[in-house]
Amino acid sequence: MNDITAAASVIAAALAVGLAAIGPGIGQGNAASKAAEGIARQPEAEGKIRGTLLLSLAFMESLTIYGLLVSIVLLFANPFRG
Amino acid sequence: MEFALTTLGNQPLIAAVEVGKHLTWQLGPLSVHGQTMITTWVVMLLLIGLTFIGTRKLQRVPSGLQNFLEYAYDLLASIARNQIGEKQYRAWVPLIGTIFLFVLFANWLGQLPLRLFHIPEGELASPTNDINTTVALSLIALVSYIYAGLRKSGLGYFKHYFESPILAAVWVLEFFTRPLSLSIRLFGNILAEELVVAVLILLVPILVPVPLMILFLLTGAIQALVFSTLTASYVGEAVEDHDDHH
């Protein structure tokens, strides 16, 4: 792999995981705050809210994981190695 | 690619992070990933052994392992019941339960210090760390919910593909993105977990990775729950009555 490709891959990997973390981060914050509100308003529904929250957090998490996967491919299994 | 850390003064290697290195076995015309095969069989042995031991001498009032297994069955049945509905969830409990238990045990197996066992190439890890396993699981889910739909409404299951051309494109896209996102989600999460643990072990080998490994026990269980819940909800969508749908 030549130097330019290596440098571009590393920067791209960093950008991929960094940018992919923004949206899900905001989304997870929103979801968690709404869940806390829900529990405060209706403490007896805590179990159900917690289950739903964990499940939806996992969905949002997977968006970040897609970005992470791209960066892992760029770092460890680079298709442009040549 | 391989990152290695050597201590000061050129001591021998203490830890390394490696991704995508596999012990390849040649079975006839197939080449398989050896470490994935080994850990998959370990998971299967654990599950079969546990249920075999737990279901000897069944009692009307359960105790010990049988009690625990009945609790686990209730949990799995409730996943299927919540998504598929009271009427027809019973037939799908084996599929949903098997997926849940397999993924759960596979994820947890990866948190054991498996790298202490040396194999010629690569290292032992979760079977779900290999994308072949997760793609196979998601294809099982795909085939079973298509089967459920075909059994429920015959070729009418594909009716919604022909309603309007724009929606048809969306449906075709969904057909492919469902197994894709199922498999990539599980694979990416588990690979990321093991990479984080490997990097931490590379930096500080003792004690520091332990809290994260405990956290990853939780996320491994959640990934198993997500995979089985999604499979159940796809099946549930396929078997539900189509009158009030779309």
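**A bent helix and a shared core**

Let's start with a kink: helix 5 of chain B bends by about 30 degrees at Thr177(B), with a proline, Pro179(B), following within four residues. Keep in mind that this is a predicted model. Here's a quick tour of what else is in it.

**Chain B at a glance**
- Chain B has 6 helices and 4 strands.
- Reading from the N terminus, the order of its elements is β-β-β-β-α-α-α-α-α-α.
- Of its 246 residues, 30% count as buried.
- Among the chain B contacts with a separation of 6 or more, 65% are between residues 24 or more positions apart.

**Back to helix 5**
- Helix 5 of chain B covers residues 165-203, and its 39 residues should span 57 Å at 1.5 Å a residue.
- The C-alpha atoms at its ends are 55 Å apart, which agrees with that figure.

**Where the chains meet**
- On one side, 12 residues of chain A are in contact with 14 residues of chain B.
- That chain A side is made up of 11 nonpolar residues, 1 polar residue and no charged ones.

**The largest nonpolar core**
- This core holds 42 residues, and the ones touching the most other members are Ala80(B), Ile96(B), Phe100(B), Val103(B), Phe227(B) and Val235(B).
- Leaving aside residues up to four places away in sequence, Val235(B) touches Ile84(B), Trp92(B), Ser144(B), Tyr145(B) and Ala148(B).

Key: Residues numbered from 1 in each chain as written. Chains lettered and ligands numbered in written order. Predicted model: local features only at pLDDT ≥ 70, side-chain atom pairs only at ≥ 80, totals over all residues. Helix = DSSP H or I, 4+ residues; strand = E, 2+ residues; numbered from the N terminus. Expected span 1.5 Å × (residues − 1). Bend = angle between axes of the 7 residues up to and from the residue. Contact = placed C-beta atoms within 7 Å. Nonpolar A, V, L, I, M, F, W, Y, C, P; charged D, E, K, R; others polar. Core = buried A, V, L, I, M, F, W, Y, C linked by C-beta atoms within 7 Å. Buried ≥ 20, exposed ≤ 12 C-beta atoms within 10 Å, placed from the backbone.
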